[in-house]
Amino acid sequence: MNPNPPYPGLFLSFEGTDGSGKSTQMRLLVEHLRRDGFTVVENQEPGATHIGLQIRRILLDPAHQEMAGMTELLLMFASRAQATAEIIRPALDRGDIVVSDRFTDSTLAYQGEGRGIGFDIVLAAHKLALGDLLPDRTICMTLDVETGLSRAHKRNSSSDEQHKEARLDRQSLEFHHRVAEGYRKIARLEPERFRLVPGDGEPGAVAERVWREIAPLLREK
Ligand code: TYD
């Protein structure tokens, strides 16, 4: 982690394979931080801004089967650059806590490892789009890939249009295993910033594990 970030705020992100419980845990953390009196700004990727939502529609449209891996990668960063300019940077400059549902680590895991584009190319795109901006700490929920996928499929088949069997949910089991390996690789490269948190068990118990990874950073603030 950057010990002296060039802003007064704190940048946190959540990662995980599909159905790992990431979004539930992010909600619980945001509630906890707000109860403790912090101003929290949420970001979601891809999406979050007006422009980002339109990019998200292109990315998730099941009709876009022909989308090339590089197109997917650059659209992820286009959405992220817009969210950074509109939401993340201004909030960090104000001294707020930003909590992002996915960030560049998703692109490393999904496009870099899952699609085989490689970490180097993803990091080059990151540099171009975002410079040095990385979360101060990332919580990556880990859960057995098969269990996560069956959860995600249940959720998608019973939910609204926006989430219904999106293109990116239709990848093979091997793809999702590669994504999980991508996350483990990031954890080996950046053990201080990137924390793997087991997602099995009661949501409250998992939330306590998450809190233990975040609380020390709040004391430093
Ligand atoms: P979403 O419905 O937001 O899924 P989740 O609730 O799991 O976050 O869809 C986002 C999908 O996009 C998800 O399958 C992960 C994928 N994705 C990438 O492949 N690369 C990225 O850089 C990001 C941010 C997401």
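**Note on the pocket and the salt bridges**

1. In this predicted model, 31 residues line the largest pocket, and D18, K22, R56, R102 and R155 are those nearest its centre. Two or more lining residues come from each of the elements α1 (22-35), α2 (50-60), α3 (69-94), α4 (104-114) and α6 (145-157).

2. The space in the largest pocket amounts to about 720 Å³. Its lining comprises 13 polar, 11 charged and 7 nonpolar residues.

3. Across the whole structure, 17 salt bridges are found. One of them joins E45 to R80, with 2.5 Å between the closest N and O atoms. E45 sits in the loop between β2 (40-44) and α2, while R80 belongs to helix α3, 35 residues away, and the pair thus links distant parts of the chain. E45 counts as buried because its relative accessible area, 4%, is under 20%; R80, at 2%, is likewise buried.

4. Helix α3 also carries E72, whose side chain forms a salt bridge with that of R115 at 2.8 Å, N to O. R115 lies in the loop between α4 and α5 (119-130), 43 residues from E72. E72 is buried at 0% relative accessibility, whereas R115 is partly exposed at 28%.

5. A further salt bridge, 2.8 Å from N to O, brings together the side chains of D105 and R193. D105 is in helix α4 and R193 in the loop between α7 (173-189) and β5 (194-198), so this pair ties together parts 88 residues apart in sequence. Both D105 and R193 are buried.

6. Finally, salt bridges link R137, E192, R195 and E213 in a network.

Note on methods:
Residues numbered from 1 in each chain as written. Predicted model: local features only at pLDDT ≥ 70, side-chain atom pairs only at ≥ 80, totals over all residues. Heavy atoms only, no water. 1 Å grid on protein atoms, 1.4 Å probe; cavity = no way out; pocket = protein on both sides within 12 Å on 5 of 7 lines; lining within 4 Å. Points joined across faces, edges and corners; volume = space filled by probe spheres on them. Helix = DSSP H or I, 4+ residues; strand = E, 2+ residues; numbered from the N terminus. Nonpolar A, V, L, I, M, F, W, Y, C, P; charged D, E, K, R; others polar. Salt bridge = Lys/Arg side-chain N within 4 Å of Asp/Glu carboxyl O. Buried < 20%, exposed > 50% of the residue type's maximum accessible area, 1.4 Å probe, protein only.
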